[in-house]
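Welcome, and take a moment to look over the sequence and the 3D structure below. The report that follows walks through them step by step.

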Amino acid sequence: MSGFLLSLGPMQEAALSPTSIAVTDLACRRGDRVLFSRLSFRLNAGEALQVAGHNGIGKSSLLRIIAGLAPAFAGSVSVEGSVGLIDERPALDPALPLGRALAFWGALDGLGKSSQASGDLARLGLASLLDVPVRYLSTGQKKRAALARLLGQKSRVWLLDEPLNGLDGHAVELAETITEQHCAAGGIAVIASHQTFRLAAMRVLPLSDFALQERAA
Amino acid sequence: MTGRITALLRRDLTRLLLSGRGGGAMLPVLFFLSVAMLYPFAVGPDAPLLARTGGGVIWVAALLAAILPLDRLVEPDIELGMFDQWALRGISEELVIAVRVIAHWLSFGPPLMLAALPAAALLGLDAKTLRVVEIGLLAGTPGLAALGVTVAALTAGLRGGAALSGLLVIPMAVPVLIFGAGSLGTGGASGLALTAAASLVLIAIAPFAGGAAVRAARG
């Protein structure tokens, strides 16, 4: 049975594997402050959600709770499908050349030196930077490298925390296209950003509606 | 699973053994040798005294050398977000810490055992003492490695964590030191066996204590 599943192509696999996020009555606390509460939403395969709101309202915390990296103060989150995360930390060894730093994640994700990986690198404009140590890369270049790592992970649920920071106009379009294609293939994207992220069929979640002081007023 | 462990171990070894910036495995070895070199200068060229106390000096030097790389064992990976990415891939903190104990031991245990040969020559140890020292180091350094990784995980993210981790390692390394250096006096296998036992306890605790510490450090 598992052999049969493994032999399927990525598209069929996408159609088969269940992908969803269900957030129910979620509350988040940082220190002794409750950032937001009674947050509920559901995302099904192919849907995208932008979490909007001013700095410090808990966008990153929400993403970390969905990823299972931070505990929920109240409520519950259930995620079906593998989760990939991009945040402000590149998770690439600063001393290593970019190619080897990405190859480490490729080895963990069972990627090998596949043609798909090199295609992703060329598409993200990283092919010429593979010999450059990660610490010499600019913010935007590191962000593109993180996108390459995310693509290699082949996860169903993408959690993108400020994915457009430091990206130039061309790279912003590229990031939007890549996310669009991910959703079209049956994936889910949750984007925490204060910048506009142009995506067809994207819902916007204003997190300030769930902040405590707003409801008290 | 095996492929993932191999990838983790290879990365850890490259970082700890060869890394040019952190000094790699050379820094603890040079520190160890410089202690062995300074000791005869400090106590004078009294051959019987050196031979009698030299084994203990080697043990103290090995313990202090094991403290040097502590600040780059766990904290850089937390800062880089590596542990979060591993967690998303279902790689537990316990596994990462266990692999890191192995890599940390490989990066300082065998090099120190090699460096103990010239150190023994500097201190004028006889062959029998040297043999007990080498076997003792083989039994004791894995425990020191496990202790080092545990403490590095506990102090990761704290201000002044590097200095604090050194202070925390020293008292907890006392059992290994007592049995390891004590076996020199008796020359017996019982001391070595107790050194290995203390080591095993530390190794058994390390993945769980270290993994819990990394998870607790996650905000």
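UniProt positions are given here in the numbering used for this structure, with feature names shortened, and such annotations may be inferred rather than shown by experiment. With that in mind, an unreviewed UniProt entry lists "transmembrane region" for residues 21-42, 54-74, 95-123, 135-156, 163-185 and 191-214 of chain B. Residues are numbered from 1 along each chain as its sequence is written, and chains are lettered from A and ligands numbered from 1 in the order in which they are written. The model is predicted: local features need pLDDT of at least 70 and side-chain atom pairs count only at pLDDT 80 or more, while totals for chains, interfaces and linings use all residues.

**Chain B as a whole**

Helices (H or I, at least four residues) and strands (E, at least two) are DSSP runs, numbered from the N terminus. Counted this way, chain B has 10 helices and zero strands. Its radius of gyration is 18 Å, close to the 17 Å that the globule rule gives for 219 residues, so chain B is as compact as a globular protein of that length. That radius is taken over C-alpha atoms, and the rule is 2.2 Å times the number of residues to the power 0.38. Along the principal axes, the C-alpha atoms of chain B fill a box of roughly 60 × 35 × 30 Å.

Two of the listed spans can be set side by side:

A residue is buried if 20 or more other C-beta atoms lie within 10 Å of its own, exposed if 12 or fewer do, and partly exposed in between, with C-beta atoms placed from the backbone. Buried residues make up 47% of the 219 residues in chain B.

**Helix 1 of chain B**

Helix 1 covers residues 2-18 of chain B, and its 17 residues reach 23 Å from first C-alpha to last, close to the 24 Å expected at 1.5 Å a residue. That expected span is 1.5 Å times one less than the number of residues. Which residues of helix 1 of chain B are buried? They are A7(B), L8(B), R11(B), D12(B), R15(B) and L16(B). Seen down the axis of helix 1 of chain B, these buried residues fall within an arc of 145°, so they line one face of the helix. The arc is that of the directions from the helix axis to the C-beta atoms. On the face turned away from the buried side of helix 1 of chain B sit the exposed residues T2(B), G3(B), T6(B) and L18(B).

Two residues are in contact if their C-beta atoms, placed from the backbone, lie within 7 Å. The buried residues of helix 1 of chain B pack against helix 4 (98-108) of chain A and helix 6 (93-123) of chain B.

**Where the chains meet**

In all, 12 residues of chain A are in contact with 15 residues of chain B. On the chain A side, strand 5 (83-86) and helix 4 are the elements that give two or more residues.

**Chain A**

Chain A has eight helices and eight strands, and 42% of its 217 residues count as buried. Seven of the eight residues of helix 3 (residues 59-66) of chain A are buried, so this helix is largely enclosed by the rest of the structure. After helix 3 of chain A comes G68(A), with a positive phi near 80°.
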